[in-house]
Amino acid sequence: MAHAHAVKRYSGLMDWLTTVDHKKIGILYLIAGGFFFLIGGLEAILIRIQLWQPLNDFISETTYNELLTMHGTTMIFLAAMPILFALMNAIVPLQIGARDVAFPFLNALGFWTFFFGGLLLNISWFVGSVPDAGWTSYLPLASPTYSDGHGVDFYVIGLQIAGIGTLIGGINFLVTIINMRAPGMSFMRMPMFTWAIFITSALILFAFPALTVGLAALMFDRLFAANFFEVGNGGNAVLWEHIFWIFGHPEVYILILPAFGVISEVISTFSRKRLFGYSSMVFATVLIGFLGFMVWAHHMFTTGLGPVANALFSIATMLIAVPTGIKIFNWLFTMWGGSIRFTAANLFGIGFIPTFVMGGVTGVMLAAAPADYQYHDSYFVVAHFHYVIVGGLVLGIFAGLHYWWPKMFGRMLNEGLGKLTFWTFYIGFHLTFFVQHFLGLLGMPRRIYTYQDNLGFNNMNLISTIGAILMGVGTIIFLVNIVVTAMRPKDAPNDPWEDGRTLEWTISSPAPEYNFAQTPLVRGYDAYWKEKMDGNSGMTPAEPIGPIHMPSPSILPLFMSIGLFIAGFGFMFSNYIIGAVGLLVTFGCMFLRSIIDDHGFHIEPEELEDKGVKA
Amino acid sequence: MSAHSHIDGQLPHEPEKATLEGRNKVLGFWLFLGGETVLFGTLFAAFLALRDQVGEGNPTANELFQLPIVAIATFILLTSSLTSVFAIQALHRNHVKPMIVWLIVTVALGAGFLGLEIYEFYHYVHEGHGFTTSAFSSSFYTLVGFHGAHVAFGVAWISILIAQTLRKGLNLVTAPKLYVAGLYWHFIDVVWVFIFTVVYLMGKVG
Amino acid sequence: MAGNHPTTENRQKRHKVEGSQKHVISYIFSLVLTLIAFATVMAGEVNTTFTYILLLVMAGLQVYIQMAFWMHMKDRGHLYAIIGILSGVFVVFTMVIMAEYWTWW
């Protein structure tokens, strides 16, 4: 196989539109997810400005509902998950010593469907009918009777398209991790981040199809007058709550488990210690994933399921505190006796622990069904889930981005600016949400666009708004850091933190497109650290240098997603010709993909040497 | 090292698993079927929750369903599942022609099943059981229709694969595709087993 | 990887002995199970609960036959396939309980 097929290699914009390289797709996820994160953040700040004083009229109640819905939907589906996908794309194949993911083409398709789904959702702002039934879109509020106009249609169709991408990504990473680990990397030698992504992908696989059906049913109700949730014709609104949360509760573990993985890597590296209780950490991750499917109805305690169901779900929910507690203590014991370095990444990592514990404690409080009748739909709940999502997930993402930035882009982020990001964001976060616990206990309901004077809400809402602005400042500092860093030369060494423990630190920063010139031989957990401790300068290769097979780039994923995007609009506005054209584009691309064999191309050993790889 | 050395030569035993790409495809497809299980499970759950919500004056499941048609459809789909097994067996023996023939039979039976289903739906609509009639009817058509759409997709997919195999022959690229399509076809039949049990037979009893 | 050719040829010979009777037997079994299910319902006059249980057992057996033999799940190398399908079934099980007990009251 000395001479492979000649393959067109694109450059510039076409390179990015056709790429199937997991590292570039990771960067695309980061850019798109980051963009939606800024939109969602802007929506949050507008919400907080409206609420800074009683009876404010900064925005109307309609706009408030729209902002609230879009803030939640955007942050969960279009910001948090894609940025996690960015990290997993950029890092997981490197951590397991693989040259690529299992399905590079599908990986690109996953990104583009997410992107066009998110775009469709946000185009609602320009069309002028924005989803306004909350991110959970409860019925009957979201039914055609109470939400006429196309607002909820955008929600249903946009999330449906984006959800396809997520499901594809989940399967892709499961297969990658099962089939493509380097020789010697058994399951119990996998880095914790890879383990977390493995379980996360499994949760995606089994949770997202439920959302697909829920959204399809709601779409049929809205577009084709079906009766799933139309109480007048025998439908059942509680059924939507069930389906949504059967998906929705695993979804929050899909969000937090990768953050657990990031924190495990960051804390272990910057404590210069092996992760304490690795196998119990793995066990806890699997257990959280499993229990995640059995607790959905704790979102519905006040629906009236009855004492038996409430008691069952209450106990199951409290059980989750056990594996989570195992994790918290393992992180603390990892730091114990370590030589800790307080880099920006590690500040986010350490800051995560107490914040997440607070979110966990309020979680157990909410799990007590009788008490939940008091907390339900109050700002106490808002405080709780922001402590676990922002205080957990977003801090985890920041830690991961600071930690892996050199591996993704070849440049170290500025440490000073990074620490400034941490302190402004962290203080801003606690200012915003700590007081909301008490607002909730005082009786302030969530999802209201304003409140009366003299209820004792004024000062705490003002503090909350100031905190939100401080979080915005922290985010802007991070953006400045990115720009400042981008203007410096690419000079990050292979192992910029000098304490790297896992395989991604054995190769250049950023990684070459084939990742590993020779697949490494893994001799233990923390593969690179083991070699360091044995006095070796790098990994032992598991194979001789030879030609490396690469998949060819393709424009088809982009067009498949554009087809779905067009079809979404067609069906939404009952223009079935346009809808059919869109589907035709998508299926046509699938047809082309099936009949055209992708032979890929080979990178020859001589080319590797040209690129400065040591033989 | 390379997958291409096998092409045009002797195919190995289980050619679908001879390359990493093939093994990835088969494993990925199994996991996809795990997800499909949840997808159909959710549709079943919705149907179970809404099956008694017929509404005043509309035909009930018991009045509506005609078991002979369902029995014929079941027989057709079960037989097509058997013929797809034969096709995969021929694939494993590297007998291209019998494989193509069995696949054509499978596709024909799948198309026959679809024809029956369309006739059945047409009949129900005439009986006053439209998509928008009641919660029962909406969930019925969505569940059975999702399955029918899967059959239709399978018919189109396997047809394309037949054409591909005729042109390119059986090799390490086409073998995993055919194997995976076989898995898909069996899965469709498995779902149908639950549909005729839970929707039709239990509907007749209840 | 091409290194293990001799053994694959051996296995191929062994494989050819295995005929299609096994699948025809599975097919006949499935037909009989289907027949029992349809016949019980068409006969009527049987206790409803008993019929429900019988129908589910027939369906379960048939699905087992098809997945184990026709989809080769009983063969080696199907660990992840089994885990994948069973996890899906577990989630579906919770949803069926939800649909039966927690949607109407």
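Tutor: Domain bounds here come from an automatic or database domain assignment. This is a predicted model, where local features need pLDDT of at least 70, side-chain atom pairs count only at pLDDT 80 or more, and totals for chains, interfaces and linings use all residues. Residues are numbered from 1 along each chain as its sequence is written, chains are lettered from A and ligands numbered from 1 in the order in which they are written, and side-chain values use heavy atoms, with hydrogens and water left out.

Student: OK, what domains does the assignment give for chain A?

Tutor: Domain 1 covers 12-554 + 598-611, and domain 2 covers 556-597. Taken over C-alpha atoms, the centres of these two domains of chain A are 29 Å apart.

Student: Switching over. How many residues of chain B are in contact with chain A?

Tutor: 37 residues of chain B are in contact with 37 residues of chain A. The two chains bury about 3000 Å² between them, and carbon and sulfur atoms give 73% of that.

Student: Which residues make the salt bridge between those chains?

Tutor: There is 1 salt bridge between chain B and chain A. The side chains of Asp597(A) and Lys168(B) meet in a salt bridge at 3.3 Å, N to O.

Student: Which elements of chain B touch chain A?

Tutor: Helices are DSSP runs (H or I, at least four residues), strands are E runs of at least two, and both are numbered from the N terminus. The elements of chain B that give two or more residues to the side touching chain A are helix H1 (20-50) and helix H5 (135-168). H1(B) has the largest share, 18 residues.

Student: Now chain C. How many helices and strands?

Tutor: Chain C has 4 helices and 0 strands. Its elements run α-α-α-α from the N terminus on.

Student: What share of chain C is buried?

Tutor: Buried means under 20% relative accessible area, exposed over 50%, partly exposed in between (1.4 Å probe, protein chains only). By that cut-off, 40% of the 105 residues of chain C are buried.

Student: Last topic. Which residues touch the most others in the largest nonpolar core?

Tutor: A nonpolar core is a set of buried Ala, Val, Leu, Ile, Met, Phe, Trp, Tyr and Cys residues joined through side-chain atoms within 4.5 Å. The largest has 268 residues, and Trp331(A), Phe140(B), Tyr200(B) and Met98(C) touch the most other members.

Student: What does Phe140(B) touch?

Tutor: Leaving out residues up to four places away in sequence, Phe140(B) touches several residues, including Phe47(B), Phe65(B), Tyr124(B) and Tyr200(B). Another core lies apart from the largest one, with 13 residues, among them Tyr64(A) and Val435(A).

Definitions and conventions. Contact means heavy atoms within 4.5 Å. Buried area is the accessible area (1.4 Å probe) that two parts lose on being put together, summed over both. A salt bridge is a side-chain nitrogen of Lys or Arg within 4 Å of a carboxyl oxygen of Asp or Glu.
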